[in-house]
Amino acid sequence: MADFKLSAQLVGHDADVRRVCFPAPDQVLSAARDCTVRAWKRTATSPPAFEPSIITQGSEFYNSLAYLPPSPDYPEGLVVSAGSDTIIDVRRTTSAASDNAERLLIGHARNVCALAVVPGAQYIVSGSWDKTARIWSVHKWEAEAILAGHEEAVWDVLPLDPTTIVTASADKNIRIYDLRTAVAGEVQPRSTIYASDVVRALCQVPTGHPSGADFASASNDGVIRLWKLSGQQVGELRGHDSFIYSLTALPSGELASSGEDRTVRVWRGAECVQTITHPAISVWTVSVCSENGDIVTGASDGVIRVFSRSPERLASPDTLAHFDESVKSSSIPQQQIGGINKEKLPGPDFLQNKSGTKEGQIQMIREEDGSVTAHQWSMGQQQWINVGTVVDAVGSSGRKVEYNGQSYDYVFDVAIEEGQPSLKLPYNLSENPYTKAQKFIDDNELSQNYLDQVAKFIISNTQGATIGLGPGDSGGPDPYGAESRYRQGDDHGTSRARVLPQRDYLEITAAKYEPIFKKILSINSALVAAGRKDYSLNPPAQEVLATIRRRLEASQTVVDEASINLIVMMCTQWDYSDRLAALDLLRCVATSPATAKFKSSDFGSIVQVAVCAALDGIPLGGQPNENYAMMAARTITNLFKSTEGRRLLAQPSEGLRAVSFIDRVLGIGGQDPIGPSNRNLHVALTTTMVNFAVLASKEPGSVSSNIQVRLLTALARILQKQTEGEVIFRALVAAGTLITVIGKTAPEAKSLLSPIKTSRGRSSEARVQEIADECLSLLS
């Protein structure tokens, strides 16, 4: 069977193309991060050419797409799209961007990252970040059932037949549902397949496939797994070097996949028979035209590409040559390839004298000018294909990257979730990858599931670099010991740098402002409707709220007392059940010196405001809300950002108030603990304790011995009770820093010996064991 070759390039999107559909040979549909959905109509057949029209123009990213086939009411079919605005948009393929949608389906609470049409075209199934999949009736245009049981985002949905739906989730599970078992509009999974990694993509395996599989899944580990509906794994397809984002089945019985290694791979049985490298960073999506077997891809460069096996549908010779040259001229970061010893690489003669052993095999060649090129073996063409030039990392030449007014060795664009903008991850080589990954997760309020993969992403993309450092310049120890972390190629015998005492204050400031302000306005509307004008926001107050939002979104400090007064009122005067968004807003402005200096006539300092908002006003018989406690802890943490905030917390009364709050949350003193298994709450608490420890270390006498002792008691409780790695890590950093302040001979310091050993034995993470060892060495 012939190889796929480029048929057409569809240029028009201004950002990553996240989803494509290929419903007919003369029509391609696409959804992209430029906030548009486009329909591409074929205008010429040899060579093929397509003209676009924008059928949906929104203000949010589109990242999921499906096509409802023609019906008597809609003879041209319907385009179904959705994204980060949570609304599923249904409209005609001939619609203009200014036209109204045929239907808007509302129900999901977060990004809709997957759409599919159930066989028979009577239902649509959607998957979302809100941890649900939903079934929508095409006749009623409303939700018929919710597929429950997911613990994280649902990244893909696969209808196998009119009653069987398979879902893929970030919770590392594949669930199979029988729609006939719905009870009160909810369907529980009939079975669950436990995967070894988060599952990103699914597709049905064609009948007659040698494996006998019913469907395939793709995971973050770059492996495609073949499954029976019984849960039996019957095969694995290995070849991708990174995340796989999309899967599809071809009419030929083959499978096609696309991923972060910038390739589309075609699989016949268990063998990869073709690798198509793109001149892009990521190939987000691949889809097939069932009528002629052509495939279409969408990539991070905003270009849609059609590939065909038919000679009649190939692109012009000039277009083919330009595509090959684009791939050939691609720059491949050296850290993506791994360690390369240029002196040991073969020269260009290797390509003429040696053949590859498998499809997609990569061989590095040292060119005559000293550059290194990457060549990929094509089994179909029986030759090596130049797929790019290996270049040094950004910083290996000493260049820095500016981000938010600071210089970094790297600023990565990280696409964590479907349908969301790439998140900026600034990184210096003097930082600990795991600590930076944790801060990235905390700042962007991401699932803890991402810790390892973000850290590994940082490590793999900074291998071997020594940016900005001379042979004798260590740059000083970073806060959490990046210098001590093992990197491939490091000498295991090198002694690790000490990281205690911690010297930098930490903060938890990043926020998603849209849902915060949307919730506040929603609560205010309810107050107005209930006639509660005493605590609702009048028009001037709403203008103050709008000003707060504008300043926060512009990364400007909130400085006026009216703004802080308004936030305090909402935190303390609104009903207890309505305070979360206001508390979230309070911790966002806590970094401001004006917030630290604020005094409420009713509640006192901002520390007391935060504590009262979290613990006072609880309905009779109710319990403190653990998320309110988390926001209060984050508020106290962020006060350390300003000099005024540190002065406030250095006051004995305010320090004791903060420590008493910590004791209350942990249940020290006899009351039940608040949120004992809430990981985000305990990260916030331990971050607050790290900052108190830094204050005690950097400004001797600023934290009283009484507060230090109470902090050590609280830390001992955490080290004995908690099992989550980041919580233990931060607790150990705080404990170790305080040990350097009070001295190893102090009884309170010695009392930590057992808790530290306990926490070390409980965690398998190297960073936890290393910092525990350093704490123990301080006590020896």
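Is Asp156 buried or exposed? Asp156 is buried, at a relative accessible area of 13% (buried is under 20%, exposed over 50%, partly exposed in between, with a 1.4 Å probe and protein chains only). Keep in mind that this is a predicted model, where local features need pLDDT of at least 70, side-chain atom pairs count only at pLDDT 80 or more, and totals for chains, interfaces and linings use all residues. Residues are numbered from 1 along each chain as its sequence is written, and side-chain values use heavy atoms, leaving out hydrogens and water.

**Around Asp156**
- Asp156 sits in strand 14, residues 154–161 (strands are DSSP E runs of at least two residues, helices H or I runs of at least four, both numbered from the N terminus).
- Leaving aside residues up to four places away in sequence, Asp156 touches Ala114, Val166, Thr167, Ala168, Arg200, Ala201 and Leu202 (contact means heavy atoms within 4.5 Å).
- Gly127 is 29 residues from Asp156 in sequence, yet their C-alpha atoms are 6.2 Å apart.

**Helix 15**
- With 18 of its 20 residues buried, helix 15 is largely enclosed by the rest of the structure.

**Helices 8 and 9**
- Contacts here come from Ile567, Met570 and Cys571 of helix 8, with Ala582, Leu583, Leu585, Leu586 and Val589 on the helix 9 side.
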